[in-house]
Amino acid sequence: MTTFAAVDAQGKVRFVGDVPRGAGCGCFCPICQSPLVSKQGTVNSWHFAHEASQERPECVVGSINLLRRLAIECLAGMQDGLPLPPGATTLDAHASWKRFSESVEFRWPVTHVLPADWNPQAPQGHEIATFFLDDGTKNHRIGLFVQIEQTATALQADACDGAVVFRCPPPAEGQLRTQQDAMQYLAASGDLVWYALPDFAGALSRARATVDAQKQEFLAEQDAQARARASSLKDARNRMLAMSRLSAPEPVKPAPDIEPQSLPAWASWKKRNTSFFGFGIGTGECWVVMSSADFDGCYIIPIPMAFDGWDESLPASIGTPMPERECFTSALSVNELIAWFMPRAKLGIRIDGDANVVEQFAITICGAPN
Ligand SMILES: [Zn+2]
């Protein structure tokens, strides 16, 4: 942007088309106070040039500041006062996915206001005048601001109960040649709007309270629903548990242990890694011979059980009766005993490491003793 406005020797705002062309325009840069040359050519857009090209980057804002000053002068010069912009806003609140909103429309007691306490020198973003709006309870102090900016920036409106801003975008290059152009531009492109609404007649407070109440109500409802869900989940879980107890088969009683075939007492008398030798001698008479685990020799046992006169059935050379165990003990080796029993085993012989097998042999081959 080029410089389109300047000040004359009296400090009055002058536009490039309002002054004689050339170095005799009598204008100065409002930023650097350098003398300016009014350029009113046919090729380039009309503008002020710094003499000797002394323009600084910050000089560009000088024109904007002067346009802003002109806007302030225009606003201050409105005989009927400023038209009060309509006030409407929507307050909202959010709770999870839900938005609550409450629209507020203000009914101003007046259509126009006459601002006072003008301060045209106030920098951008600061209030340049003040007016009041009385709602019967409170006289709201409203700040007036002027903003010539492409994008709205924050205003220093904290000290006011409300703020109205005259907002206008900067003109295009070469758009403004004269003050007349500038006034028309401000009128056409400028807009008086609310920047911050006052809590006039408590309208904002009521809307805020309404929105907050809706939000709280929603949250309470959500909470109640969450509790209900949790509770019904718990119920469902309990019902399922109860049903599963009802429908579940009676806890399976441990099946009566298939009684491990009990081993005959003599099964444990055998020396490890040796065998039982069963000899079927005759009906009701069967003997098992084994190497002893307890002593150097053998046991000779009537199986399946001791029969009457068992202790007199074997010669003393073979073994010695041991009444407490109902068996014979023998100092002979297994082989020697096998040699003795083999020829006498008319009903057969059974050799096995499993005592039950040998016992079963005795029962089936020899028959249970009567
Ligand atoms: Zn300058």
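In this predicted model, strand β15 (residues 285–291) pairs with β16 through six bridges in the antiparallel sense. Within that pairing, Cys286 has Ile303 in β16 as its bridge partner.

Both strands belong to an open sheet of six strands, ordered β17-β18-β16-β15-β14-β19 and paired antiparallel. Because β17 and β19 (348–352) stand at the edges with a single partner strand each, one side of each has no neighbour in the sheet. On average, neighbouring strands of this sheet are turned by 25° against each other, direction ignored.

| Strand pair | Bridges | Opposite residues |
| β16 and β18 | three bridges | Cys298 and Ser330 |
| β17 and β18 | three bridges | Thr320 and Thr329 |

β17 and β18 also form a hairpin, with four residues between them. Glu326, in the turn, has a positive phi of about 50°.

Helix α4 (residues 334–341) packs on it, touching β14 (276–282), β15, β16 and β18, and its direction makes about 160° with that of β15. Helix α5 (residues 355–366) lies across β14, β15, β16 and β19 and runs at about 10° to β14.

Elsewhere in the chain, Arg177 sits in the loop between β12 (162–168) and α2 (179–189). Arg177 counts as partly exposed because it has 17 C-beta neighbours inside 10 Å. Apart from neighbours within four places in sequence, Arg177 is in contact with Phe15, Val16, Gly17 and Trp46. Leu192 lies 15 residues from Arg177 in sequence and 24 Å from it in space, C-alpha to C-alpha.

Technical notes:
Residues numbered from 1 in each chain as written. Predicted model: local features only at pLDDT ≥ 70, side-chain atom pairs only at ≥ 80, totals over all residues. Pairing = 2+ DSSP bridges. Helix = DSSP H or I, 4+ residues; strand = E, 2+ residues; numbered from the N terminus. Buried ≥ 20, exposed ≤ 12 C-beta atoms within 10 Å, placed from the backbone. Contact = placed C-beta atoms within 7 Å. Axes fitted to C-alpha atoms, helices over the stretch in contact; angles between N-to-C directions.
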